[in-house]
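Here is a briefing on the model shown below. Topics are grouped for quick reading.

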Amino acid sequence: MQTETDELAAVAEWLEHADQITALTGAGVSTESGIPDFRGPNGSWTKDPAAQRRATIQHYMASKQARVDAWRMRSEHSSRTVGPNAGHVALAELERKGKLHTLITQNIDSLHQKAGSSAGALIEIHGALRDVVCLGCGERRPMETALERVRAGEDDPSCTVCGGVLKSATISFGQPLDPEILEGAQAASSACDVFLAIGTSLSVFPAAYLPQRALQAGARLVIVNAEPTRFDGRAHTVLRGTIGHTLTSLVALV
Ligand code: NAD
């Protein structure tokens, strides 16, 4: 039977010899920073299944109350300082070692960026909370400008250009992904020798198709996740430890 040390050594060897490495991260990489995931044991949707319905774009557009609640939550969360954890730092270090070429994240929390992952390597496939976008005219502004209006008393600030509905520049359920960003993520998945899927239940599509693309192109698939995922049976290795510890140990061997 392989020990965790043997498994890490084998994966480190694959990383050493790979020409192209792509990683995909999900909400699980940020739980050690104190941000809950959706479907883990302490996930927001595990605790409150109705939250999934409230996360759709249709609900946000149709319900003034949904927007008021969303702006209140955003302004409350903006005062919390959340920093990157050992998992984010290890991935930034893997890039500095010249071994991580593309880091696709489903996360919207900007923690990879804060840990030092470069803009050239990072693909934020679901957008990021740091900006707001008008759903009418597409005008984009920093989140902070909208939050200042909320703090000044507007409960559902609208676009100053066209009066349309403003939302964080993130992809909600029911919204399509930016086709160019998706193409970049697909190309990086097809071009790699090793694909690391980290802290994601691989149940949100189209991001969850990316490991499949990598496998079809002949890459090795390594999953780092505490709970089973739909791709475990097809992965070359599944590392079950916590992400911070596992990635720190792995990157130290490369
Ligand atoms: P998910 O909630 O479906 O799955 C997260 C997985 O990570 C779970 O299987 C859980 O067991 C695992 N996990 C959690 N903490 C871990 C740890 N410390 N070590 C090892 N494994 C751990 O998340 P998803 O697949 O990313 O899909 C949810 C969607 O919602 C995505 O679009 C995601 O980006 C978004 N989301 C983002 C954030 C964020 O930006 N931080 C937070 C919640 C949800």
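**Briefing**

Arginine 72 and glutamate 76 sit four residues apart in helix 5 (residues 64-78), so about one helical turn separates them. Helices (H or I, at least four residues) and strands (E, at least two) are DSSP runs, numbered from the N terminus. This is a predicted model: local features need pLDDT of at least 70, side-chain atom pairs count only at pLDDT 80 or more, and totals for chains, interfaces and linings use all residues. Residues are numbered from 1 along each chain as its sequence is written, and side-chain values use heavy atoms, with hydrogens and water left out.

**Salt bridges**

- A salt bridge is a side-chain nitrogen of Lys or Arg within 4 Å of a carboxyl oxygen of Asp or Glu. By this rule the count is twelve.
- Arginine 72 and glutamate 76 form one of them, with the closest N and O atoms 3.8 Å apart.
- Arginine 72 is partly exposed at 40%. Glutamate 76 is partly exposed at 44%.
- Arginine 151 and glutamate 144 meet in a salt bridge of 2.9 Å, N to O. Arginine 151 is partly exposed at 49%, and glutamate 144 is partly exposed at 37%.
- Aspartate 232 and arginine 240 meet in a salt bridge of 2.6 Å, N to O. Aspartate 232 counts as buried, at 16%, whereas arginine 240 is partly exposed at 37%.
- Lys64, Arg67, Asp155 and Asp156 are linked in a salt-bridge network.

**A buried glutamate without a salt bridge**

- Glutamate 95 lies in helix 6 (residues 86-96).
- Glutamate 95 is buried yet has no salt bridge; arginine 96 is the nearest side chain of opposite charge, 7.1 Å away. For charge, Lys and Arg count as positive and Asp and Glu as negative; His and the chain ends are not counted.
- Contact means heavy atoms within 4.5 Å. Leaving aside neighbours within four places in sequence, glutamate 95 is in contact with Leu100, Gly116, Ser117, Ser118 and Ala121.

**The six-stranded sheet**

- Two strands pair if DSSP finds at least two bridges between them.
- Six strands form an open, parallel sheet in the order 3-2-1-7-8-9. Its edge strands are strand 3 (122-124) and strand 9 (237-239), each pairing on one side only.
- Neighbouring strands of this sheet are turned by 15° against each other on average, direction ignored. Axes are lines fitted to C-alpha atoms, for helices over the stretch in contact, and angles run from 0 to 180 degrees between N-to-C directions.
- Strand 1 (residues 21-25) and strand 7 (residues 194-198) run parallel and are joined by five bridges. Leucine 24 has alanine 197 as its bridge partner in strand 7.
- Helix 1 packs on this sheet, touching strand 1, strand 7, strand 8 (220-224) and strand 9. The direction of helix 1 makes about 120° with that of strand 9.
- Helix 11 (residues 243-252) also packs on the sheet, touching strand 7, strand 8 and strand 9. The direction of helix 11 makes about 135° with that of strand 8.

- Three strands form an open, antiparallel sheet in the order 5-4-6. The edge strands are strand 5 (140-142) and strand 6 (166-170), each pairing on one side only. The twist averages 45° from one strand to the next.
- Strand 4 (residues 127-134) pairs with strand 5 over three bridges. Aspartate 131 is partnered by proline 142 of strand 5, and valine 132 by arginine 141 of strand 5.
- Helix 8 packs on this sheet, touching strand 4, strand 5 and strand 6; its direction makes about 75° with that of strand 5.
- Strand 4 and strand 5 form a hairpin with five residues between them. Glycine 138 in the turn has a positive phi of about 85°.
- Four bridges join strand 4 to strand 6. Valine 133 has lysine 167 as its bridge partner in strand 6.
- The buried residues of helix 8 (residues 143-151) are Met143, Ala146, Leu147 and Val150. Seen down the axis of helix 8, they fall within an arc of 100°, so they line one face of the helix. The arc is that of the directions from the helix axis to the C-beta atoms.

Technical notes
Buried means under 20% relative accessible area, exposed over 50%, partly exposed in between (1.4 Å probe, protein chains only).
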